[in-house]
Amino acid sequence: TSALASIVGEQRVSCLQRDIDRYRRIVAVCTVGLVDLNAWMVGNGWAVAYRRFSNEYVRDEVEAKKAGKGMWRGKFMMPWDWRRRQR
């Protein structure tokens, strides 16, 4: 939250809805100025690429993981793997 707040600050965030997932959440691309916040979050290890809807941020995720950024500093289980184990 603090990483995202630091890049957004008081600027206006714009989001363009792409889809709705099976949990009825909006899947969107959000920007502040010219910065794609989705790419920024994934590239800094604060989010993962949502492969069910797009492969657009997979490269950012791979690079963040390779560099040990954000959540990739330690052990991390992908959310879909974690949910599968909880069933």
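Predicted model: local features only at pLDDT ≥ 70, side-chain atom pairs only at ≥ 80, totals over all residues.

Trainee: How many bridges pair strand 1 with strand 2?

Mentor: Strands of a sheet pair through backbone hydrogen bonds, either parallel or antiparallel. Strand 1 and strand 2 run in the antiparallel sense, and the number of bridges between them is seven.

Trainee: Which residue in the turn between strand 1 and strand 2 has a positive phi?

Mentor: Strand 1 and strand 2 form a hairpin, with five residues between them. In that turn, a positive phi of about 65 degrees belongs to Arg 24.

Trainee: Which residue takes a positive phi in the hairpin of strand 2 and strand 3?

Mentor: Strand 2 and strand 3 are antiparallel and joined by two bridges; in one of these, Val 32 has Val 35 of strand 3 as its partner. Two residues lie between the strands of this hairpin, and the positive phi, near 60 degrees, is taken by Gly 33.

Trainee: How many residues apart in sequence are the parts that the disulfide ties together?

Mentor: The model has one disulfide, which joins Cys 15 to Cys 30 with an S to S distance of 2.1 Å. Cys 15 lies in strand 1 (residues 13-20) and Cys 30 in strand 2 (residues 26-32), so the separation of the parts tied together is 15 residues.

Trainee: Is Cys 30 buried or exposed?

Mentor: The relative accessibility of Cys 30 is 16%. A residue under 20% counts as buried, so Cys 30 is buried.

Trainee: With which residues is Thr 31 in contact, leaving aside its neighbours within four places in sequence?

Mentor: Thr 31 is found in strand 2 and is partly exposed, with a relative accessible area of 26%. Thr 31 and Arg 12 are 19 residues apart in sequence, while their C-alpha to C-alpha distance is 8.6 Å. Beyond the neighbours set aside, the contacts of Thr 31 are Arg 12, Val 13, Ser 14, Asp 36 and Leu 37.

Trainee: Which element gives the largest share of the lining of the largest pocket?

Mentor: The largest pocket has a volume of about 630 Å³. Among its 22 lining residues, the closest to the centre are Ala 28, Asn 38, Ala 47, Val 48 and Tyr 50. Two or more lining residues come from each of strand 2, helix 2 (37-43) and helix 4 (79-86). The largest share, five residues, comes from strand 2.

Trainee: How many charged residues are in the lining of the second largest pocket?

Mentor: This pocket holds about 180 Å³ of space, and its lining includes Arg 22, Tyr 23, Trp 80 and Arg 87. By class, the lining has three nonpolar residues and no polar ones, and the number of charged residues is seven.

Definitions and conventions:
Residues numbered from 1 in each chain as written. Heavy atoms only, no water. Disulfide = S-S within 2.5 Å. Helix = DSSP H or I, 4+ residues; strand = E, 2+ residues; numbered from the N terminus. Buried < 20%, exposed > 50% of the residue type's maximum accessible area, 1.4 Å probe, protein only. Pairing = 2+ DSSP bridges. 1 Å grid on protein atoms, 1.4 Å probe; cavity = no way out; pocket = protein on both sides within 12 Å on 5 of 7 lines; lining within 4 Å. Points joined across faces, edges and corners; volume = space filled by probe spheres on them. Nonpolar A, V, L, I, M, F, W, Y, C, P; charged D, E, K, R; others polar. Contact = heavy atoms within 4.5 Å.
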